[in-house]
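The structure is shown first.

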Amino acid sequence: KRIPVDIDSVPAAAADIKPDTRAALALFLDSFAALAREHGLEAWLFYLPAKLRCWQGQLEFTDSAPQDIRMWRPTDLPDHLGALAQARGLRFFDLTPALIDATRTGDTLLFNPQLAPHLNAAGSAVVAGAMARALRPAR
């Protein structure tokens, strides 16, 4: 089944994060971890990937597709964010595997195919299920 999709940018790598963004991210994670500790909470950071990461290897590009999109390969960003979160005592969960699995085994797109990079209802259901399983207490 072929469905036309738009991809307007490539997901970043850890090295692409600008210094001011790095500083803002560190401040947020430090504040988030401190807030959780202050209130006795277990804080989580969930990584929601861009649709290109989930569709990697399943796309057929038109001749007009930009080279950076054609050549993009998954980067270290989820691992980098996971390390930053874990260094602060935050639990980290990468939603990428759940979305890739559902994309490859299902017959429905999980992201809006055109104009918007957001999850649709089916994608939101996959994310909700993955989050619920991650948050379920160990038995």
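A residue is called buried under 20% relative accessible area, exposed over 50%, and partly exposed in between, using a 1.4 Å probe and protein chains only. The model is predicted: local features need pLDDT of at least 70, side-chain atom pairs count only at pLDDT 80 or more, and totals for chains, interfaces and linings use all residues. Residues are numbered from 1 along each chain as its sequence is written, and side-chain values use heavy atoms, with hydrogens and water left out.

The chain contains six helices and two strands, arranged along the sequence as α-β-α-α-α-β-α-α. Helices (H or I, at least four residues) and strands (E, at least two) are DSSP runs, numbered from the N terminus. Of the 139 residues, 31% are buried. The C-alpha trace spans about 55 × 40 × 20 Å along its principal axes.

Three salt bridges are found in the whole structure, a salt bridge being a side-chain nitrogen of Lys or Arg within 4 Å of a carboxyl oxygen of Asp or Glu.

| Salt bridge | N to O distance |
|---|---|
| Glu60 – Arg2 | 2.1 Å |
| Asp30 – Arg88 | 2.5 Å |
| Arg91 – Glu42 | 3.0 Å |

Arg2 counts as exposed because its relative accessibility is 69%, and Glu60 is likewise exposed at 60%. Asp30, at 40%, is partly exposed. Arg91 lies in strand S2 and Glu42 in the loop between H1 and S1, so that pair links distant parts of the chain, 49 residues apart. Arg91 is partly exposed at 39% relative accessibility, whereas Glu42 is exposed at 53%.

Arg53, in helix H2 (residues 51-55), is buried yet has no salt bridge. The nearest side chain of opposite charge, Asp94, is 6.4 Å away; here Lys and Arg count as positive and Asp and Glu as negative, while His and the chain ends are not counted. The side chain of Arg53 instead makes a polar contact with that of Tyr47 at 3.4 Å. A polar contact is a pair of N or O atoms within 3.5 Å; within protein, one must be able to donate a hydrogen and the other to accept it, and residues adjacent in sequence count only if both atoms are side-chain atoms.

In helix H5 (residues 96-105), Thr96, Leu99, Ala102 and Thr103 are buried. They lie on the same side of H5 because they cover an arc of only 140 degrees around the axis, taken from the directions from the helix axis to the C-beta atoms. Pro97 and Thr105, on the other side of H5, are exposed.
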